[in-house]
Amino acid sequence: MSLQMVTVSNNIALIQPGFSLMNFDGQVFFFGQKGWPKRSCPTGVFHLDVKHNHVKLKPTIFSKDSCYLPPLRYPATCTFKGSLESEKHQYIIHGGKTPNNEVSDKIYVMSIVCKNNKKVTFRCTEKDLVGDVPEARYGHSINVVYSRGKSMGVLFGGRSYMPSTHRTTEKWNSVADCLPRVFLVDFEFGCATSYILPELQDGLSFHVSIAKNDTIYILGGHSLANNIRPANLYRIRVDLPLGSPAVNCTVLPGGISVSSAILTQTNNDEFVIVGGYQLENQKRMICNIISLEDNKIEIREMETPDWTPDIKHSKIWFGSNMGNGTVFLGIPGDNKQVVSEGFYFYMLKCAEDDTNEEQTTFTNSQTSTEDPGDSTPFEDSEEFCFSAEANSFDGDDEFDTYNEDDEEDESETGYWITCCPTCDVDINTWVPFYSTELNKPAMIYCSHGDGHWVHAQCMDLAERTLIHLSAGSNKYYCNEHVEIARALHTPQRVLPLKKPPMKSLHKKGSGKILTPAKKSFLRRLFD
């Protein structure tokens, strides 16, 4: 095992606890930053380009027929193939937390539709489910099993917010374990069925799950109700005959107590467990090898990497599997320094670089810990899940020659600007305010001078006013310029009032109309 520190050159603030990594044909993609996507990458999915211990995030795009994918944190992810022999795969994403800190119950399917030397185009579709639809959750696992030529998704564990009937003002954001049910999900027909197994008594979150053929192994995890990390080891088998599926569970000995561990696959039947926590305030520095052979599972300790002092003394750590036995780790930066990075990152290689073996086992694990600002260190409610992929991380082809300098300077233009002295729109904390907003703040163009953009919320616009101003070519002036704009208005021309003509004074017998000058002269004469 080798540990190497890496540097992130751009968009480092996006990599925070809660992200996931997806591996497509050896290319790794970052997903799920905290906050809504940047204008430079509205999809929120970046290519994680690693060269010479240097990481660069490069934007990707979605196809026109894709649905919107929010940057979910702590979701359950796994790969899905049509069959074990299929080479192409897609990712299944379920649950997770939205930027509004709500829990999602949606399921998305991610696949690549176009790839060239400069960019990758993804297609994202939302899958509707019927039947026993799993409730919204995070910190759970989803895997795919294959039996009798058919496939089925298996969803288990996680936690969610308490039901509204049990929530109080003081405990509005309290979470609870989801019921220990096993859900089978048919991705082809969109059907979900739940099963209650007597061996599964307590809810579990942030466990490790490994799927091979028709079997799933559930290892470790955290029970919020009991606040324990039991040394669990369950084997769940799914049989898919022509009729109803058969699901059974067996409790196995030899489990380990761990939560939020990262799982990576080193060869066809071997995996490595890295990181996680063994107690609420104690990281688990031990690494384990898991071997699957002849329908048997064996767990043993292995030699640990040479952890750096920063990793040893950090209170939290987080990360994800990059594929082919490589793990991406992050720890908080040193706040004692005058200028400190938010997080420092490492790459841990658990396998040789030349490993390139066809693997038919897919894994899923829940990893990492707190979400800064939302919880205290080691609180499992803020742990999140990742899937371990078996694809090779090696790649000689140059991917994407994206140049950052080509992007607009968003400090001067774009949605992520400071539009007024009281503007508090932040790329990392912004949430939708108007129903018309999808993934960007609503903006209005101020017509003063050369014009400039302002955030509708900062101008305190009512939604009806926002829609009215956006519908036509109406001129709008922001709060700072509305008085100036009024002063620049040309006064409206006022027509003179029509006065009835005065009665004409006639000189007796002349028949002529006296002019005003003559009238004045006559008045002075007779006075």
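Reader: What kind of model is it?
Author: It is a predicted model, where local features need pLDDT of at least 70, side-chain atom pairs count only at pLDDT 80 or more, and totals for chains, interfaces and linings use all residues. Residues are numbered from 1 along each chain as its sequence is written, and side-chain values use heavy atoms, with hydrogens and water left out.

Reader: OK. How many aromatic pairs does the structure hold?
Author: It holds 18. Phe 19 and Phe 318 form one that is edge-to-face, 6.1 Å centre to centre with 80 degrees between the planes. Rings of Phe, Tyr and Trp (its six-membered ring) pair if their centres lie within 6.5 Å; planes under 30 degrees apart count as stacked, over 60 as edge-to-face and the rest as tilted.

Reader: Now Tyr 74 and Tyr 138. Are they buried or exposed?
Author: Both are buried. Their ring centres are 6.0 Å apart and their planes at 45 degrees, so the pair is tilted. Tyr 74 lies in the loop between strand S6 (61-62) and strand S7 (76-80), and Tyr 138 in strand S12 (residues 138-147), so the pair ties together parts that are 64 residues apart in sequence.

Reader: What sits over the ring of Tyr 138?
Author: The charged end of Lys 97, 4.7 Å from the ring centre. Likewise, the charged end of Lys 283 sits over the ring of Trp 317, 5.5 Å from its centre. A charge sits over a ring if NZ of Lys or CZ of Arg is within 6 Å of the ring centre and within 35 degrees of the ring normal.

Reader: New topic. Which residues touch the most other members in the largest nonpolar core?
Author: Ile 444, Met 459, Leu 461 and Tyr 476, out of 23 residues. Strand S32 (443-446) and helix H2 (463-471) each supply at least two residues of this core. S32 gives the most, with three. A nonpolar core is a set of buried Ala, Val, Leu, Ile, Met, Phe, Trp, Tyr and Cys residues joined through side-chain atoms within 4.5 Å.

Reader: And what does Leu 461 touch?
Author: Tyr 434, Ile 444, Ala 456, Leu 469 and Tyr 476, not counting residues up to four places away in sequence. Contact means heavy atoms within 4.5 Å. A second, separate core of 20 residues includes Phe 19, Cys 41, Leu 57 and Phe 318.

Reader: Which residues does UniProt list for "binding site"?
Author: One unreviewed entry listing has Cys 419, Cys 423, His 455 and Cys 458. They span 40 residues in sequence, yet no two of their C-alpha atoms are more than 8.0 Å apart, so they gather at one spot. UniProt positions are given in the numbering used here, feature names are shortened, and annotations may be inferred rather than shown by experiment.

Reader: Is Cys 419 buried or exposed?
Author: Buried, at 11% relative accessibility. Among its contacts beyond four places in sequence are Trp 453, His 455 and Cys 458. Cys 458 is buried too, at 17%. Its place is in the loop between strand S33 (452-455) and H2.

Reader: What else does the "binding site" annotation cover?
Author: Cys 446, His 452, Cys 478 and His 481, again from an unreviewed UniProt entry. No two of their C-alpha atoms are more than 10.9 Å apart, although they span 36 residues in sequence, so they gather at one spot. His 452 is found in strand S33 and counts as partly exposed at 23% relative accessibility. His 481 is buried, with a relative accessible area of 16%.

Reader: What is His 481 in contact with?
Author: Cys 446, His 448 and His 452, leaving aside neighbours within four places in sequence.

Key. Helices (H or I, at least four residues) and strands (E, at least two) are DSSP runs, numbered from the N terminus. Buried means under 20% relative accessible area, exposed over 50%, partly exposed in between (1.4 Å probe, protein chains only).
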